[in-house]
Amino acid sequence: MQAPERKARLAFGSTTATVNGREVALSAPLRRAGGQVFAPLRFFAEAFGVAVAWDEAGKTAALTQAKPFVKAYDGGTLWLNRGTGDLYWAKDEQSPVLGIGRVDADFQGELTIRSSGFSGGQAVITIVDKYGGPPAHYDAYEAFIRDRTVFAQKKASYDRRFDHNVTVLPVEDGAGGWLFRTVLTDGRTATVYDETGKIAEEYDLTKLAGAEDSYSLLSIGGDYLLVRPNRTGLLTLIDLKDRSVTALAGKLLTGKDLDYALHNQVPYPGDELSFAADMGHGQLDFFYDSPLGGPYAHDRLSYFRPSYAEEQAALPKPRTVREQAAGCAPETVKAVDMQDADQLYLPLIGADPDDRAAIAKVCGMLKKFASNGVREDIPKVPDDQFFHGMSIVFAGGDGAILYETQGPMLVYGGTGGKNSLVLRDGAAVHDFEALKKLPYMDIAPNPLRFGQSAHLRGDDGDTAKNGKLAVHWTPMTGAAGSGSLTVYEGTTTYGRYDVSFPMPAYGKAEDGTLRPIAPGKGYFSLVPYTGGAPFYAEVQPAESAFLSVNGVPAADPALMPFASEGRVYVPVRAVASLSGQPVQWDPATRAVLIRTKPSEAKRGAGMRLWIDGKPAAAELQPVLRGGTAYVPVRAVTAAFGLPVAWNADSRSVNVTVPPVNAAAKAAGKA
């Protein structure tokens, strides 16, 4: 059992224990009762700094613990000793508690602690000390942990209002990936550390913003900073491209919301804007939660930086609804995607002839918007809501979004809100709903026997003209190590497939090995998962024995085995062809000869099998059936060196043929 600054060890049968390496006497040894381990209460409590008081009259124990530690979780457990500033971290309950350094602080009030999460031994831990007031004062301590120790730290102080500072800066690595740099601020400067711990950038916030103040740092971009000065509380853009400084409330808010941002002082001054995303080409998006309430209290607003005016002017101008409708046709639409939250429907692909009629209906909706749509104020779609609707992507690169809302009616655009374009048309709403088709899979017959032909059809929603199809079987229950196995691989056409294949008794595991499939219930699915539901089925043993080559049931009737008197026999000449080795029938000696000359064979009682000039063991002797010579499955290994396995559960004989032989056989050269 462990905690910061305390480590106790107890052993069964011992009358002593150790606390931080010091031996302590036990009033009683450890005991086990009812499957649990019991330790003396007083030892356990005092070892971890808990005072124990026994009330004889009430027969109760009172435990009192001072709380020197502030605790948080970041995938592990983080502790701060508020008296000393020492930090501790443990990966989990079973891992040792590690000291990771000390924060230089004199804490005065209510403490909160949070971490960016350890990654590669690095993290930024933020400790906020709230005290005084009203109004409250906030001291924010940021500690950069590197190699499990405090590498750098800063302190920022704020009055009345506190926003958590950004501590991680994603930077493209030039190879399609991302590097994550560390950011610390003291309210006046911001320091960016690279992956090696060296200072990559340093920003003088007071100089850049043009005023002495303590600044919260809310975002860093490639050429901008977003800060909030403590005195005004107005979210401010520092544009490093043209060195301009802009209080965003004056650009994004109007009326009473702007008046509130500029003049209100309770509980703190400023606006309620927060950074949402960098949309590229100088467009920054912000969330706004209006303290005044109303139907549009939650909004997403866009600011276009003047420093990008030329680049923005060079961008293709978005087409109007009327222009999109006029040019909409199956030939001009690249794709149409529909979804309801995490439920994805089958897409429509402009290049797919089978989707053209459905795309024509989509174009019909746009034409109705252009001719019959009206502008109305409607409820805004919450920013944190999953997408529900249709995305149309045109071949020219632009697009449109439609969604359905109460009425029923359709809305053009994905956000709703004031002056939205809506279409109140029952037929259009019906067409919209009718286009929602789920990915599906069907296999017949069901139940399905091993070796029996399975008819598989469905649509997985793939947008490629020629996609890959991998069908997996997963048993509902099975032996240890059984799991999802590949039973068929093929291709799809724009996600659709309609194929037949014999149900194998073996499937390919993730590591490439063949593993037997046990009869029973399970489900078929496609990998990778594309949103369709699995198909539940039952696989039963074959009606009669059948042969598989490398796990795939043999389609050639000449390769069919048979069972007799507890043994399974395979046609020797057909199996020999798999190995590329000749086999000869000598009528004079009534012998099957493998790598044996007729002169070496001798006539015996009944048919004989000769291998390498010697007669095979009695249990490997062949039989004649319908004019074809068969040998027991064990003889295949002895004769041709091919591994053979009999699976009684599926009634399958599997012959493993080396890739070279299998390829030669497929090419007709064996």
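## Exercises on a predicted model

**Exercise 1.** Which strands each supply at least two residues of the lining of the largest pocket, and which gives the most?

Solution. In this predicted model, β33 (399–405) and β35 (420–423) each supply at least two residues of the lining of the largest pocket. Of the strands and other contributors, β33 gives the most, with three residues.

**Exercise 2.** Describe the largest pocket by its volume, the residues closest to its centre and the classes of its lining.

Solution. Start with the volume, which is about 750 Å³. Next, take the 24 lining residues: the closest to the centre are Pro318, Arg319, Gln324, Gly399 and Tyr412. Finally, sort the lining by class, which gives eleven polar, eight nonpolar and five charged residues. In this sorting Gly counts as polar.

**Exercise 3.** Work out which strands of the open sheet containing β13 stand at the edges, and why one side of each is left without a neighbour.

Solution. Write down the order first: β13-β14-β15-β16, four strands with antiparallel pairing. The edges are β13 (110–115) and β16 (149–159); each has a single partner strand, so one side of each lacks a neighbour in the sheet. From one strand to the next, the twist averages 15°.

**Exercise 4.** How many bridges join β15 to β16, and which residue of β16 does Tyr141 stand opposite?

Solution. Strand β15 covers residues 137–146 and runs antiparallel to β16, with ten bridges joining the two. Tyr141 stands opposite Lys155 in β16.

Conventions
Residues are numbered from 1 along each chain as its sequence is written. This is a predicted model: local features need pLDDT of at least 70, side-chain atom pairs count only at pLDDT 80 or more; totals for chains, interfaces and linings use all residues. Side-chain values use heavy atoms; hydrogens and water are left out. Two strands pair if DSSP finds at least two bridges between them. Axes are lines fitted to C-alpha atoms, for helices over the stretch in contact, and angles run from 0 to 180 degrees between N-to-C directions. On a 1 Å grid over the protein atoms alone, a cavity is a set of points where a 1.4 Å probe fits but cannot get out, and a pocket is an open set with protein on both sides within 12 Å along at least five of seven lines; lining residues have an atom within 4 Å of a point. Grid points are joined across faces, edges and corners, and a volume is the space filled by probe spheres set on the points.
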